[in-house]
Structure formats: structure tokens, C-alpha cells
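Please review the model shown below. The briefing that follows takes up chain contacts, domains, individual residues and backbone geometry in turn.

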Amino acid sequence: MSEERSGNIGDAQRRGLVGDEALPDEPAAEPAALGDEVSSLRMILTLGAAGALAGLLIVMVFNATLPAIEAHRAEAVRLAVTEVLQQPARYEALSVTEAGLVELPREDVQPANAVLVYVGFDEGGRATGVAVTAAEAGFQDIVGLIYGFDPQSGTLLGMKVLESKETPGLGDKIQKDARFVAQFAGARPPLEAVKRPKGEEGEIDSITGATISSRAVVRIINNSLERLRPRIEAHFQEVVR
Amino acid sequence: MSRALTFRNGVHPGDAKELTAASPIRRLPFPDEVVLPLRQHTGAPAKLLVRAGDRVERGDMIGAAAGFISSPVHASAAGRVRSIGPWPHPSGGFEPAVRIVVDRYAAQMPRRRLVPDWEGLAPKEIVSAVQAAGVVGLGGAAFPAHVKLSPPADQTIDTLVVNGCECEPYLTSDHRVMLEYADRVYTGVRIMLRCLGIERAVVGIERNKPDAIETMRRAAPRDLDIEVVGLDVKYPQGAEKMLIKVLLDREVPSGGLPGNVGAVVQNVGSIAMLAEVFETGLPLIERIVTVTGPGVRKPGNWIVPVGTKLCDLIEGSGGLDDDASEIIFGGPMMGASVASLDTPVLKGTSGVLVLSTNETRLRDSHPCIRCGRCLEACPVFLNPQRLGSLARKESFSEMLEHNLMDCMLCGCCSYACPSNIPLSHLFATAKAALRRRPAA
Amino acid sequence: MRQTTPQQDLLRGLWRENPVLIQMLGLCPALAVTNNVENSLAMGLATFFVLCGSSLLVSLCKRWIPGEIRISVYILIIATFVTVADLCLAALLPDIHKALGAFIALIVVNCMILGRQEAFASRRPVGRALLDAVGTGAGFTLALVMLGGTREVLGSGSFLNVPLFGPSYEPWVVMILPPGGFLTLGVLLLGLAWWEERRRERVKAGGVPAGADMEPSPALGMSLSERASSRGDAA
Amino acid sequence: MSELVWIFLSALVVNNFTLALFLGLCPFMGVSSRVETALRMGAANIFVLVVTSLSVSFLNAFVLVKAPYLRIIAFIVVIASLVQVVETVIKKVSPVLFRELGIYLPLITTNCAILGLAIFQTNRGYGFFEGLAFAVGAGLGLTLALVLMASIREETELADVPSIARGMGLVLIIAGSLSLGFMGFAGLLSSS
Amino acid sequence: MSEPALGVSASPHVKGGDSTPTIMWSVVASLVPVVASAIYFFGPSAALLLAASCAGALATEMCFGQRGTRRLCDGSAAITGLLLGLTLPPGLPLWMAFLGGAFGIGFGKLVYGGLGQNVFNPALLGRAFLQAAFPVAITTWPVRAESWWSLRGDNFALPLMSPATQDAFSGATPLGLMKFEQTATSSWDLVLGTTAGSLGETSGLVILVCGLYLAVRRHLEWRIPASIFCTVALLAGGLHLLDAARYPGPVFTLFSGGLMLGAVYMATDMVTSPVTHRGCWIFGAGIGLLVIVIRLWGGLSEGVMYAILLMNALVPFINRATQPRVFGAIEAEGGS
């Protein structure tokens, strides 16, 4: 029995985790009082009870924390969207599907081929732009970002990196270098990351020493737009609230 | 002939043979005393036959062979047994030895033939005569010669390999034997071929002895299938396994003997001695020793009685130079240094090398930098670097896994090591430790 | 078999049997999230919470848990507390929750926690189990903060996001990258070993009784009487 | 396709589970003193990672859609029981394989790499094939790190390591050096 | 005859010519032309940096080395310092070079027990540490200075402080130009070394000649650079044939970046390279392959350092796998 037990927590125990105080000083810890055999039923009951209690507790906590978590999420989305859409009066989450920009019942469950975007409106209820999230491989790992695009003028409205593990001090300038971020507002896709801008439209001056990360941002936006642009452009005019 | 004239790896120490290569073999006067240890050969030490005070004649057996792989010891001079007891031995320690005070006025001539004439003897009889005469290999290890002449039944021998390489630097006794006693060498070859019941012999000689190659070619008897091959100069060309690989292109299996690939290897000195024993009728009681090195005044090749003490030998060679600092029995690569001038010359002592302070200056040992030169040097393709670091941690059994037992202690790795790590010494120690350990 | 005092139960895990520095447990979070003090502290506290909660529960319920399914029940309990911690963090400190990411969930497989249940909580009374959990959890947090502190000071030039060296400090970026985690803990262990060795030499040289070897380090602020009592126990 | 290759390579070298994400450190420290053991541990890990990835794909697609908050519990329970089942099956089907891998399987349950894989796979929304590529890459990455560490540790056993560095100190510094070396792979295949 | 004092020692009683200090110092000597050309190209900055990295290495060895200062005589710490210095950009603050030398010796060598016991090349480990720690400073290449005497960057930045003049000086190495701007550099500039780059990597020809000298003196395992050059040339050549616009040709690949310095001086570090000949070929091929992979498909423009470090980690494994077949071992049984 005790052999088997040591096998179970294995690694930890082998390396002295159990220490000296783990000597079987209190055999009472073993269910000796119940006799040698523990019935399967009892085991199942115990596990079931434990599981039920655990589930109950988790659901309670989940319900208690849900509003706060939702609020945080909404706030994060709001911050990002307002930034990349240049302070729209309000915005709405819509889905880009084959049918166009439609409202779906649940934000977190998207059917295949649909992409969640945020459409911003000015005071007059005219759509001013779309904010799209996208993520692809960067220098170190996935870079996730959101960008705003105005289909009418065909230019970008802004870009914000939401998630990256790029090298601190170099790659993370795609997030922190205001000059780099500012270039995206007004740039006309398809973008191109260059070292020495010649003043052409769509050029993004890449960050010295972080060329790969800069290029990744450009590539992510280009790829995402390539996929979505036709649909967005086709249906953008229809969206008026 | 498209034969590779050397083996892979090995080292090129300077051969320094010019000191004595031109010195003809000469006899030294009898010393006042000879000391004959009972262990002069590989195998069991001889069993003592005499007591202190006994009178012995030249050629008398004073120790009897103790088994098949053993060899008797004979008195190398007429005289009286002074005492029997521990005596400095070239192996470094003390060994039981018989001290004989040489009779100044004895004739020192054979009374009668002690070894029968070989012509007309059956191979079996020759072999037992060889054992009775105490003949062993004279190249260093002193392996009893009769064992080589009686291969086990499961081995089919087809070639006798005559080792005239003498790859150890400094030594020239085999070289001189080939120059001066080529005919005797071939008589020995004839005897060995007879015993082994074969026809073919190959003589391998390093090319730094062109005169010996020439002489041996000229002297080769026409009725035997004998080939004399000049080989590249490289140490340890004279090691059995290397020589067989080069001359016959056969690889002695790991842990095996030359017999496993159908060859018997004997060096020219021993073969000449075999012939000499039958010629003179006397057992092996004297041998040719090269006394050489920068630390000795008059280097040369001397015939001396077995048991001659080092001091007598040195005196015969003009004495030690002032800066002589170390005396080595054997060649510089595998020979052992001796501390006492009383150490006697054994049957297997092919040379005495006296080094001066210039050669023996202590060099610093450095950590191993894994340069891999020992691997490039090892003729049996071991990894001395790994073995060395294992030896430092005394993981002897792990050394076995790395084929320690294939190491023949040739010293190439130590020679090549730029960090001056005494690799072969470490391996010898490890082997000894493993031998002491009860077989697991 | 050795009896332990409550103080020992509490203090053991803090330093002498520190889960990270001495027993090398829970290294995954100890290296992954310690690139600054804030994250280290949050991780330490979350683990502290889970450890205390599950120790308490396990110790309370040990009577009703059959031995055969013991481990499964422990894991269930731990996982529950981890989920609770995860949700609470997400609700209260979303930024830190985002920074710690998957590593909060990985508290479940922190061998330290399961080990304490198996080795201690399942055999001792509730009070002792809690003391032990508090000590171990605090020790874990302490180690994390030490690591996080070192890495943040060198790697970002700040402590708890407060800049220490002014704007022209050149941060050692490597310290907040993965190699920095390994190296920092490695150096910390080298330092501890060196310190331990020196102490042992001092003990040998000064003729301090051998029992002193067993006592917890005085650096942790134990009073003299406590040291005396623990020495008495150890002897 | 190139997406799958990137996921694979990223888990294998760029974001190596052990050397960059600190997952699976317990076996990395504990089972890395001999190369043979390390290889077996690695093989067992690859196996369990793949099985986990498959079941996580299943759970995410069909079970946890409704109750994402039960993720942690569901994963750990499923992994623990799966390992148990796999162990039993291997024992029955191939005693040889069981001898080779068996003793490592239970240890793997509490290996953070497994749960880590499950959670990363979920957080990144990997589907079936992506998850598989991720699991194989991560498993091979773990094995690579483990075997490298083991072969280096075998080497350092023969070295005169100073007394204070003996044990885990040196292991961590070697791990740090390896991690430094693996930084060279950053940006692999994403530099276009 | 008086009894002389006889020494007793283990066989063999003769020794080959080379000794470890000889080898080490001859490597140092062969670095003199490389150092000279570094100083010629980069002025006083080069000398200062080399001095700083050597000081870091030697000081660490002196303070923490097992047998104190005696170890300094074997020259290995000096080599580490020099080699590290040669991989640094000329504008790097001196304190960083010092730190790199100290890290390389401390964590690359002394923790393993000193000379001969380390697994990773100490100089490269120091360089990798600096690269990870100060990614900006170490990828800042100075453009041509006005006069030979002027410093090529902010060498005298205060310890722990950032160099002041980073952006003003940043140029680009041929590899960076190739990777990020698809601009090739002329082969002559590469061979002669009139390009931007680290102190020692620009003068490929000088390094090659010094390496040849060492190889002839057998103080360098020629198989490793040969294997690296062959692999790199073959792979680069093949890819260049496939797509000349995307992949640079073999001459560019061989002479750009730190490949020459790495192949001749770093990869051949005896301690951290395999002991067997077969192992050396494999080791070199692995480095060549990794260099190409990192340069062409990785995120960094130069991968020689990482390639060598990664292959260093594989050396124990290569050594195991390439154990020579023992003389007389039956063929079928293989190596072990």
C-alpha cells in the first residue's frame, strides 16, 4: 500500500518532499477504522460528493465574479476599440459573415467563417470604421492586435497591440513606441514595412533592431484585411444605426 | 606490392638509435656477483631448487618451471649461492632472488651439452627442450617461448611473423642481431616453423634500419617461404596486433591472441636466442642488452649473463654521466624506471636507458582540454580521454565498459597528451586495481 | 519518529525546508512568473490561498476520505480552490490575471501543494495542518518574491514598478527572459550553498555543538528562547 | 500547413516547453541524470501529451463549451484518469513497453507540462490538428531538453565541479545556458 | 662508483612536443593579427573593448578560480576574453564587455570546475548573455567614424547606465542589410573587412590565414572549420541556385558576419568540441546547418554564436555516438 502511494505522488516524494515528518506516525490517517476493504460504492459516493461540492462552490464563485469579469472584459474592449477607431461616438459588435455584417446572439460563440468585428459610429449614426482583431506569429510568440479600418477612405484608423511576448526593449516597441503606433493611423493598406521610408502610401517605418516584430505587425494587418476587406467593403454601407 | 606499410594512429617519437646502432655486440667481463630473481617471465614464478651455500655450475637449473605458462631459471655463472631473499626487481618492488658469488677462477665453460641438438627431434621434443632451456621472449614481456610454439588445437597457424621492428626509441639490440647474426635468426625461424608445422614466415623491419632489411633479405634461405618487409617508422609498430594488421592485414580480435588469426609473432632477438640455445647447448643464461642514453659515457650493445647487476653493466659502459638522472629498464615508451643500481638484468631486459636531467625535467600537468590527441594516438582506438577522466574518479567498472582491457599500455596517449596527464600510468593502475578486485 | 512543535510546523516551511529554495518544488511558477515582484507576489498569494484552503479541507475531511481515492480527492479539492482563485483574480485584478495567464491554472499541479496534503494535512489535526500550510505558503511566497525582486531590479531597474535607478539605467533584459529565471535561481542556490558551507566551517572551527546545525537560520528573526526550544527538540 | 509547421517548431524550439516556458521542470531536474532514463521519460511524455491533446480537443469541442469555468477540474480529472487507463492498457497489451515507460507514467500526471499543454491549447483556440502539432512539438521539445540536459550532466559528473555548485545549482545554470542558446531560434519561420 | 640520485617516474619517459600552455599561447599569438586588424578598422574603441573583456575574464578567473592566479598562466582566460571582445560591436560600453567576460568565465567555465570541464564555449556564452541582456546596445553598429582616433560609440558609458549616443551611430551589418533590406554587400568589401560589424568579424581573410597557420601547427582541429565551410557553402550554394533573389550566395554567406571567426576560433575550442574525428565532422556540419537555418529562416540576422552554443550542448551526445570502434572488436557489434 505505502509503496503504491509513494508511486502516486512520485516525483515530489522521491525528492524528499515528504521529509522526515512524513513517517507513518499516525496510521489513523489510513482509513483503518473502516476495516481493510473499502467498498466501491463508498468510494464512488465520496468522489461524487466531493465533485458535487466542488462544482457547487465553483458555480457559486463563478456567478459571483461573472459581472466583474465581464465588466473588465467590456472595458478592455472599449478602450481598445475607441483607441483604434479614433473615438467613435459608440460602437457595436457585429459579425462578418458571408451574408454581411450581422448581429449574432452570442459574442463568444462564432460560427465557422464568421469574424467578430466592432463597428464604430459617429453621432449621426453613420458607420465610421471597423475594428478587427487578429493574431499571428511574431518574433517570439503570437502577437495579437486590434486595428481600425475605414472602408470608405480605404485607410487605417489606428492599431493597438493587445498581446505580445516580444523582446522587452526591442520588440515590445511595437506596443510602446508611440511614433511607430501613430504611423498606422492614416496608412493605406496593403502596408509595407521599410527601413527608410520614401514617403509612399502604406509605408511603415520599422523599428530599428526590431525589424521582425515590425514586419509581423504589418503582415498580420495585411493578411487579416486581405481576408475580410471584400466582405466589409461590400456590406459596410448597409450598416447604419 | 600495394600493402599499407603501417597501422592507423600511433605516435612518432624521435628514435635516437644513432647512439648505439653502429656499436657491434661485445661481451663484457663476468661480474663478481649475479642475482637471479625467480620471476623473470610472464606466468608463475619458478620454484626454487637451491639453498644458500650451494655450489652451482654455469647452466645449472636453480629454479624449476611451475606449470605450463612458466619457465625455469638457470645459473648464469659458476659460483656459490650467497643468499636467497628479496632483491630489487625491475618491476619496482622486491622479489625473491638467488644471489650467486661468481667464482673468479672457474672455467665458465659448459661441461656438457645441456640442450639436445634440434635436428632429428620431433616438434613435441623441441618444445619441451625449449621450455627446459628457459627460453622466453626477449622483447620485454618475457612470455615463455614454448607456449607460443604449442598453439591450442583449435587454432590453425599458417604464418610466423618475425618482429624486427624494434619500434621503441634508443634500443638497437635486435637491429644488431639482424646485422650480425642473420643466419642464426633464420635457424631459429627454421626451428619455429618445424615446431608449428608451417612453411611461411614474414619478417617485418622498420625502414629506419635499411642495412638490416638488406642483410635479412640477402640471408633469407631459398628453401623457405620468407618475405622481408620494410615498414614505416611508427610507434608501436612492433606490437603484435599492429604488426599482424600490417603484415597480414588481419585484426586480432579484442581480448584474443595472434593465434586466433593464425599467426605466431616472435621478435628476432628471441628467435636468435632459440637458435643459440640449440647451437651452444646451453640454456638461456645470457642476453644482449643495449646500454644507451645521454646519461651513459660509452653506450653499446653488450652480451651479459642474465642477473648482471645494473652497476656492473653501467661500469662496463664507461659509467654514468654527471647529470644522469633516471635509469630505465627497457625502452623509453614502456620501460620502467628503476631506483636501485643493484637491480639485475633479466631475461626480458632488452635495454638499459640512462636519461639525463635534460630529458627528465619535470613538466607541469594541466587539466585535460579534450584536444583528442590521445584518440589520434591510440593504436587500438580507445578513448583515453574518457578513460582518463573515469580513472580520475576511480570509476573502474565504467572503465571496463570503455574497453580498458584492450589497452596495451603502449604509452602513446601519454606521449601525445599536451597536458602531460599520465594516462597510461592511470590505466595500468586501474587494470591492477581491477585485477585485485574479486571477479564479479 | 520525531514529534514537532507548533512553531516548528509553522517555521519549517519558511526557510529550513523552503519548498523552492531547499526542496526544489513548484519550480514551474517560481521561474515562470517571477519576472517582476507584482506577479511574484500575486502568484505567491494565490498559491498560499490554495494551499491553506486545501490543507484545511483535507485535514477536516481526512476521516471520510478512503485511502484508495485519496489522491483523486486531493486533486479535486486543489483544483476547486485553484478555480476559485482564478476567478477571483480575474474579477479583482484583471491585469495581473492576464500577466499570470495559464500559470494560475497550473497551481493545480504544483507538487508542493499535493505533497503537503499527502505528507502532512492528511495526518495531522486541523490546527497543525493550517500552521504548516501557512508556513509553507509563506515560504513559497518569500522565495518567489526574492526571485521576482532580483529579476525586476536588474531586469527593469525597478521594484514593485517603482523605478530605482533613474531613466538612464540600462536594464538587463535577460533577467526577465527565461534564461534569467534559471540563472537567478541557480545563483541563489549557489549563494545558499556557499553560505551553508561557510556556516558549517564556522561551526566546525568554533566548536558549536552539532545540534546547532539543525536549527533554523537565526536570520529569520526567531527569538533566543525559540531557538533554544527548537534546539532542545532537535536533540 | 505552414501554420501547423510553425506551431510545431514554436513548441519544439522557439518556445520550448521546458527552456522557455518552465513547464515540466520536475522531470527536467529529477530524471535527467542518465541519458537512457531521459529518453524513456521523454517518450512517455510525448505519448501522454498526444493523448491529452486529443482528449482536450474533444472536451473543448463538445463538453466545455457550456461550462468554461469547469476547465481546470475537467482537465486534471481527465488527464489523471487517462494516464491511469493508458497505464493499465499498456500493462495488458505490451509488458515490454510497460517496463520501458510504465514507471514514468504516474509521475507525469503531476507534470505541469501536461496540464500546461491543455490550457495553452485551449487559450489559443487550437483545433484538432493544431493541437496535435502542438502536442508533438511540445513533447519532442521536452525530450530534447531532457536528453541534452542528461548528456551534459553525465559529462559534468566527471568534472571537478566546485562543492557549492554540486547538485541543483549547476543544473539550473546549465538550463539557463541552454535557454540562452535556444534564444537563437527566436523568430523562426516568422521573419517573412 | 658513487650512488647517484635516481628519479623514478611512470612510463613513457619521452614526451611529445606540444603542451597545453603552448597551444593556448599560440592561439593567443595567432589572434594578434586579428586584433591588429580590429584596431586598424575600429580605432581605439577596439583596443579598449578587448582590454575590458579580457579584464573581466581574467579578474573572474583570478577571484574565483580554484587555484587562484596560477591558472592565469595557461592562457585560456585570456583567449576567452580576446574572443569575446572580438565578437562585440565597437561602440559597446566597456562595462558591458567586462560583464560579458566575467559572466563567460564564471558561468561558462568556473562552475563546471575550470579549464577543460566546461560544456559551453565561455566566450560565446558571455556573448549570448550580453545579447540577451542588452539587445539594443549589442546590435548597434557604428557608421564610419570621422577620424581613426575618435571613439566608435559611447564606450565610456557609466556602469549600469545606457550608452548615450545609440541611435546616432547605428549602421547595419552586411547580414542585416541582406536580411532586412535585401541589399547585398560587395564581396571585396566582405573579404577585406571594410564593412560594419563586430571587432573581429569583419576581417575574414586575416582570420582565415591565422587559422591556416594554427591548423598547420596542429593547434587547431582543421576538420571542424572545413566541415562548417563545406556545409555552409553547399547549403547556401544550393539555395542560391533555387532562388537567387532570396538567398545570398556562398561567398557572401561565408565571409559575412561572424562565420569566419566562429568557425576558426570558437567552434574549434578543444574543450567544447568533440574528441573524435567523425564527431568533428558531424559537429561542423551541425553548426553549418544551424547557421543557415537561423540566418535564412530565423528572426536574427546572425546565428553563428547560437549555432555553436547549441552544438556545444550536443557534444557529449556526439562523443557518445562516435566512440571509435575498438581494435579487434567484431564489426557487427559496432562502436560502443
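**Contacts between chains**

Chain E places 45 residues in contact with 59 residues of chain B, contact meaning heavy atoms within 4.5 Å. The model is predicted: local features need pLDDT of at least 70 and side-chain atom pairs count only at pLDDT 80 or more, whereas totals for chains, interfaces and linings use all residues. Residues are numbered from 1 along each chain as its sequence is written, chains are lettered from A and ligands numbered from 1 in the order in which they are written, and side-chain values use heavy atoms, with hydrogens and water left out.

- Of the 8 pairs of chains in contact, B and E share the most contacts.
- About 4,400 Å² is buried between chain E and chain B, with carbon and sulfur atoms giving 55% of that area; buried area is the accessible area (1.4 Å probe) that two parts lose on being put together, summed over both.
- E:His13, E:Lys15 and E:Phe327 contribute 19% of the area that chain E buries against chain B, more than any other three residues.
- There are 3 salt bridges between chain E and chain B, a salt bridge being a side-chain nitrogen of Lys or Arg within 4 Å of a carboxyl oxygen of Asp or Glu.
- E:Asp18 forms a salt bridge with B:Arg373, and their closest N and O atoms are 2.7 Å apart.
- Chain A and chain B are joined by no contact, and their closest C-alpha atoms lie 25 Å apart.
- Chain B and chain C do not touch either, with 23 Å between their nearest C-alpha atoms.

**Domains of chain E**

- Chain E comprises domain 1 (19–157 + 167–171) and domain 2 (182–321); domain bounds come from an automatic or database domain assignment.
- The contact involves 37 residues from domain 1 of chain E and 32 residues from domain 2 of chain E.
- Taken over C-alpha atoms, the centres of domain 1 of chain E and domain 2 of chain E are 20 Å apart.
- These two domains of chain E bury about 2,800 Å² between them, of which carbon and sulfur atoms give 73%.

**Domains of chain B**

- Chain B is split into domain 1 (123–280) and domain 2 (373–436), whose centres over C-alpha atoms are separated by 29 Å.
- In chain B, 7 residues of domain 1 are in contact with 6 residues of domain 2.
- The area buried between domain 1 of chain B and domain 2 of chain B is about 500 Å², 64% of it on carbon and sulfur atoms.
- B:Tyr235, B:Pro236 and B:Met242 supply 61% of the area that domain 1 of chain B buries against domain 2 of chain B, more than any other three residues.
- Across this interface of domain 1 and domain 2 of chain B, the rule finds 0 salt bridges.

**Buried residues and a surface patch**

- B:Met178 lies in helix 3 (residues 173–180) of chain B, where helices (H or I, at least four residues) and strands (E, at least two) are DSSP runs numbered from the N terminus.
- B:Met178 is buried, with a relative accessible area of 0%; buried means under 20% relative accessible area, exposed over 50% and partly exposed in between (1.4 Å probe, protein chains only).
- Leaving aside neighbours within four places in sequence, B:Met178 contacts residues including B:Gly164, B:Ile205 and B:Val268.
- B:Met178 and B:Ile205 are 27 residues apart in sequence and 9.8 Å apart in space, C-alpha to C-alpha.
- D:Ser177, in helix 9 (residues 168–182) of chain D, is buried at a relative accessible area of 1%.
- Not counting residues up to four places away in sequence, D:Ser177 touches E:Tyr112, E:Phe120 and E:Leu125.
- C:Phe159, C:Leu160, C:Val162, C:Leu164 and C:Phe165 form a nonpolar surface patch with about 420 Å² of accessible area together. Patches are made of residues with over 30% relative accessible area and no salt bridge, like charges being joined within 9 Å and nonpolar side chains (Val, Leu, Ile, Met, Phe, Trp, Tyr) within 5 Å. Accessible areas come from the Shrake-Rupley method with a 1.4 Å probe, and for residues only the protein chains shown count as cover.

**Backbone geometry**

- Most residues other than glycine have a negative phi, and most peptide bonds are trans.
- A cis peptide bond joins B:Tyr235 to B:Pro236, with omega about -5°.
- The peptide bond from A:Pro189 to A:Pro190 is cis, with omega near 0°.
- B:Leu409, which is not a glycine, has a positive phi of about 55°.
- E:Arg218 has a positive phi near 60° and is partly exposed at 45% relative accessibility.
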